[in-house]
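Biologist: I'd like a close look at one part of this model, taken slowly. Could you walk me through it once it's up on the screen?

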Amino acid sequence: MENRNRQVLLRQRPAGVPTPADFEIAEAPLPEPREGEVLVRGIFLSLDPYMRGRISGQRSYARPVEVGAVMEGRVVGQVAHSRDPNFREGDYVLGGFGWQLYSAVPASALLRLDPVEAPLSTALGVLGMPGFTAFVGLDEIGKPQRDETVVVSAASGAVGAVVGQLARRAGARVVGIAGGADKCRWVEAELGFNTCIDHRSADLGAALDRACPSGIDVYWENVGGAVQQAVFPRLNDFARMVMCGMVAEYNDVEPRPGPNLMSAVRKRLKIQGFIVSDRSQRFAEYRAIAAPLLRSGELKYREDIVDGLDRAPEAFIGLLQGRNFGKLVVRLAEDPTQRA
Ligand SMILES: NC(=O)c1ccc[n+]([C@@H]2O[C@H](COP(=O)([O-])OP(=O)(O)OC[C@H]3O[C@@H](n4cnc5c(N)ncnc54)[C@H](OP(=O)(O)O)[C@@H]3O)[C@@H](O)[C@H]2O)c1
């Protein structure tokens, strides 16, 4: 065990696209767990688009990260020292420990992980918050029916990959939208989407017309921007638009003008946003469905693993520009369960 902690702090609130200068790497003494607390050594840190909102200082559904504070984030780690009877040294846990190597946290804030059930890192992606987001949004808003056409943006990403696979299991025709030929190939060949469109292609509208000859019944919104502009006029009567996120717009300084909403009346559209944490009581239900599918190989996933805490800022900046391919995770330390 190191005798110092290492942390990434928010140095200043970014104006527009974040830069490495908005973050600061700092050393700190190792935290001392109090009675009822546990010292956790991080193994994998999750980087997620929502973190852009947390550092903007705008009013939102969650409190922002303060300037000078440790960046917020979910971490899979191992108990290094326990002062709580429910956890022992060596246990694997998940919690919101932030962008740092060590943290001392109340035992009540920990979720125990079983590395035999699934690789530890999956607790941050396919079996964690992003996968659960896909499940909730489809089950409660998208409700894809057999032979309907479902379009999923950021299709190769942590949320999008699960959305498409669950929609396929519901019998829908699934069209992905992703950035680049490699991502599209993987979405079709590995995830089994019917087709995938590169959003960088010259005429996205024409590509959507070819891929969706019967129009679009469900649109899973992950990106906003030009993709949303192309999809919106192609929605069918009674289409559902699942407003999960608009990552292409997170670095904007001014909000962009939205689509004209008269067609929402004419087409009787349902456009609904959601925040997955409002539905956390359904998490065990998702795990019970997804974990066996993962074990049997029916639910596929991909992780983009970056080594070292110091690379977290640069990797996070890249996430907001589509440089990740799969669930973005930072490896803070070697995963002991993966040793040969
Ligand atoms: N509502 C909720 O509770 C909830 C929960 C979790 C996540 N979300 C949202 O779900 C979305 C996906 O999150 P995720 O964790 O699965 O991330 P992700 O898809 O793994 O990574 C983000 C992806 O967004 C795309 N992207 C980034 N910048 C873009 C740009 N400027 N223009 C177009 N595409 C861009 C890129 O994919 P391409 O290269 O393929 O375009 C990138 O790989 C985000 O909007 C996130 O905020 C919402």
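Which strands does H3 lie across?

Modeller: Before I answer, note that this is a predicted model, where local features need pLDDT of at least 70 and side-chain atom pairs count only at pLDDT 80 or more, while totals for chains, interfaces and linings use all residues. Residues are numbered from 1 along each chain as its sequence is written, and side-chain values use heavy atoms, with hydrogens and water left out.

H3 lies across strand E8 (149-153), strand E9 (173-178) and strand E11 (216-221), and runs at about 170 degrees to E8. Contact here means heavy atoms within 4.5 Å. Angles go from 0 to 180 degrees between N-to-C directions, with axes fitted to C-alpha atoms, for helices over the stretch in contact. Helices (H or I, at least four residues) and strands (E, at least two) are DSSP runs, numbered from the N terminus. Helix H5 (residues 204-211) lies across E8, E9, E10 and E11, at about 175 degrees to E10.

Those strands belong to an open, parallel sheet of six, ordered E10-E9-E8-E11-E12-E13; strands pair if DSSP finds at least two bridges between them. Strand E10 (195-198) and strand E13 (270-273) are the edges, each pairing on one side only. From one strand to the next, the twist averages 15 degrees. At the E13 end, four bridges join E13 to the parallel strand E12 (residues 235-243), and Met243 stands opposite Gly273 in E13.

As for polar contacts (N or O pairs within 3.5 Å), a polar side-chain atom of Tyr250 sits 2.7 Å from a ligand oxygen. A backbone N or O atom of Cys244 is 2.9 Å from a ligand nitrogen, and one of Leu320 is 3.0 Å from a ligand nitrogen. On its own the ligand exposes 910 Å², and the protein buries 91% of that (Shrake-Rupley, 1.4 Å probe).

Methods
Polar contact = N/O pair within 3.5 Å; in protein donor to acceptor, adjacent residues only side chain to side chain.
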